[in-house]
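My entries follow in the order I looked things up.

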Amino acid sequence: MSHFPGTAPAVEATGLWRIALPHTTAAVPIARALVRTALADVEEGADCDTAELLTAELVANAVEHTDGVSPIELAVELLPEGCRVEVHDPDPSPPGDLSGPPPYAMPDPWQENGRGLLLVRTLSAACGHRPTARGKAVWFRLLGAPAQA
């Protein structure tokens, strides 16, 4: 994806929502609200609570582990089979062992941090990261809820 202009969400015909977030902890509730809004009217869409949780984890990681010069960018794409969420940040370094093959390093149970990527790996249908022209994008995909009979 290319640069996300402005700070207001943009809805496009493709079902893509984009927003530039401040490089502060205030970005987390803004990101959660955008995901909730994007998924609100989708019948049989991805689990909104899970999407919010995983988005919050990725945005919090971007705020904590990157410099505060560039904004963080959030993209939420509505897919026929669910949704895909990407968080863009200016640091090109990979986010730990997000998408590598098992076995994954387990977080230290005595530490307060370190469980976010475990949640993303465990609760998403797929996840990973990719380099961008301005850093990296960390993403996850959630499948939609099965149709009710």
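In what order do the elements of the protein chain run from the N terminus on? I read β-β-α-α-β-β-α-β-β. The tally is three helices and six strands; both are DSSP runs numbered from the N terminus, helices being H or I of at least four residues and strands E of at least two.

Notes on the source: this is a predicted model, in which local features need pLDDT of at least 70 and side-chain atom pairs count only at pLDDT 80 or more, while totals for chains, interfaces and linings use all residues. Residues are numbered from 1 along each chain as its sequence is written, and side-chain values use heavy atoms, with hydrogens and water left out.

**Whole chain.** I checked burial (buried is under 20% relative accessible area, exposed over 50%, partly exposed in between, with a 1.4 Å probe and protein chains only). Of the 149 residues of the protein chain, 40% count as buried. I then looked at contacts, meaning heavy atoms within 4.5 Å. Among those with a separation of 6 or more, 61% are between residues 24 or more positions apart.

**Helix 1.** I compared its length with expectation, which is 1.5 Å times one less than the number of residues. The 14 residues of helix 1 (residues 27-40) should span 20 Å, and the end C-alpha atoms are 20 Å apart, which agrees. Which residues of helix 1 are buried? I listed A27, V28, A31, L34, V35, A38 and L39. Seen down the helix axis, these buried residues fall within an arc of 130 degrees, so they line one face of helix 1; the arc is taken from the directions from the axis to the C-beta atoms. They pack against strand 2 (16-21), helix 2 (48-65), strand 3 (72-79) and strand 4 (82-89).

I also looked up T37, which is found in helix 1. T37 counts as partly exposed because its relative accessibility is 45%. From W17 it is 20 residues away in sequence and 9.6 Å in space, C-alpha to C-alpha.

**Helix 2.** The 18 residues of helix 2 should span 26 Å, and I find its end C-alpha atoms 26 Å apart, which agrees. Its buried residues include L54, L58 and A62. Helix 3 (116-123) and strand 6 (135-143) are among the elements that cover the buried residues of helix 2.

**Helix 1 against helix 2.** The two axes, lines fitted to C-alpha atoms over the stretch in contact, come within 9 Å and cross at roughly 150 degrees. That makes helix 1 roughly antiparallel to helix 2, a term for angles over 145 degrees. The contact includes A31 and V35 of helix 1 and A56 and V59 of helix 2.

Technical notes:
Axes are lines fitted to C-alpha atoms, for helices over the stretch in contact, and angles run from 0 to 180 degrees between N-to-C directions. Angles under 35 degrees count as roughly parallel, over 145 as roughly antiparallel, 65 to 115 as roughly perpendicular and the rest as oblique.
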